[in-house]
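Here is a walk through one protein chain, written for someone who likes to know the cut-offs behind each term. Keep the viewer open and follow along.

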Amino acid sequence: MKLVSNLKEKLQKSRQFFSHKKLINRNFILFLFLVTACTKKLPENNFNSAAWQKDSLACENNRLELLPELEKVRPELLGLRETEIQKLLGKPEATSLTDQSERIYFYYIEPGPQCTQKSYLSSANKLQVRMNSMGFVIEMNYEQPIKK
């Protein structure tokens, strides 16, 4: 008799364990759905992404001409994922990692010594795109004020 009651007890505990595990799995799936559903997509815009990416290191001096259109959508780019920014601006010319595990992407916007020395981080003006540790854009600014 004691053996039967002991088995019933264990069976009941295992049912509770598995129902708890199902609840955790459902919550995890719901969390993933919310995270992916709440991410922003690239905004519709007139920014010529292909021309930006073609002007590698800003050596053709075309990126300055593209800045007005980029400025129009810049507020909408905050909150985008890192991959979306790379779709728009291409692979960054330089990157930096901060103490707080934030990443900063650098995109040249004017020609400079980087055009002749490809591995040289020049003082030419750059667009800085800062991403938090989760990979979301939190800030976009220029290293130096834009010359008009």
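## Starting from the rings

Phe47, Trp52, Tyr105 and Tyr107 are linked into a cluster by ring pairs. Here, rings of Phe, Tyr and Trp (its six-membered ring) pair if their centres lie within 6.5 Å; planes under 30 degrees apart count as stacked, over 60 as edge-to-face and the rest as tilted. Searching the whole structure turns up three aromatic pairs. One of them is Tyr105 with Tyr107, an edge-to-face pair at 6.5 Å centre to centre with 80 degrees between the planes. Tyr105 counts as buried because its relative accessibility is 5%, and Tyr107 is buried at 0%. Buried means under 20% relative accessible area, exposed over 50%, and partly exposed in between (1.4 Å probe, protein chains only).

A word on where this comes from: it is a predicted model, in which local features need pLDDT of at least 70 and side-chain atom pairs count only at pLDDT 80 or more, while totals for chains, interfaces and linings use all residues. Residues are numbered from 1 along each chain as its sequence is written, and side-chain values use heavy atoms, with hydrogens and water left out.

Now zoom out. The chain has four helices and four strands, and from the N terminus on they run α-α-α-α-β-β-β-β. Helices (H or I, at least four residues) and strands (E, at least two) are DSSP runs, numbered from the N terminus. Of the 148 residues, 31% count as buried. Among contacts between residues at least 6 apart in sequence, 50% join residues at least 24 apart, where contact means heavy atoms within 4.5 Å.

What sits in the middle of the nonpolar packing? The largest nonpolar core has 20 residues, and Trp52, Leu70, Leu89, Leu127 and Val129 have the most contacts inside it. At least two residues of this core come from each of α3 (63-77), α4 (82-89), β2, β3 and β4 (137-142), with α3 giving the largest share, five residues. A nonpolar core, by the rule used here, is a set of buried Ala, Val, Leu, Ile, Met, Phe, Trp, Tyr and Cys residues joined through side-chain atoms within 4.5 Å. In soluble globular proteins, nonpolar side chains tend to be buried together. Take Leu70: leaving aside neighbours within four places in sequence, Leu70 is in contact with Phe47, Trp52, Leu77, Leu89, Leu127 and Tyr142.

Next, go to the loop between β2 and β3, where you'll find Ile109. Ile109 is buried, with a relative accessible area of 0%. The C-alpha atoms of Ile109 and Lys126 are 5.3 Å apart in space, though the two residues are 17 apart in sequence. Beyond four places in sequence, the contacts of Ile109 include Trp52, Leu64, Leu67, Asn125, Leu127 and Ile146.

Asn125 lies in that loop too, between β2 (103-108) and β3 (126-131). Is Asn125 buried or exposed? With a relative accessible area of 2%, Asn125 is buried. The side chain of Asn125 reaches the backbone nitrogen of Gln144 at 2.9 Å; a polar contact is a pair of N or O atoms within 3.5 Å, and within protein one must be able to donate a hydrogen and the other to accept it, with residues adjacent in sequence counting only if both atoms are side-chain atoms. Again skipping residues up to four places away, Asn125 touches several others, among them Tyr107, Ile109, Tyr142 and Pro145.

The structure also holds one disulfide. Cys59 and Cys115 form this disulfide, with their sulfur atoms 2.1 Å apart, inside the cut-off of 2.5 Å for a pair of cysteine sulfur atoms. The pair links distant parts of the chain: Cys59 is in the loop between α2 (49-54) and α3, Cys115 in the loop between β2 and β3, 56 residues apart. The disulfide is left-handed because the torsion about the S-S bond is about -110 degrees. Cys59 is partly exposed at 30% relative accessibility, whereas Cys115 is buried at 19%.

Stay with the loop between α2 and α3, which also holds Leu57 and Asn61. Leu57 has a positive phi of about 60 degrees although it is not a glycine, and Asn61 has a positive phi of about 60 degrees as well. Most residues other than glycine have a negative phi. Leu57 counts as buried at 9% relative accessibility, while Asn61 is partly exposed at 35%.
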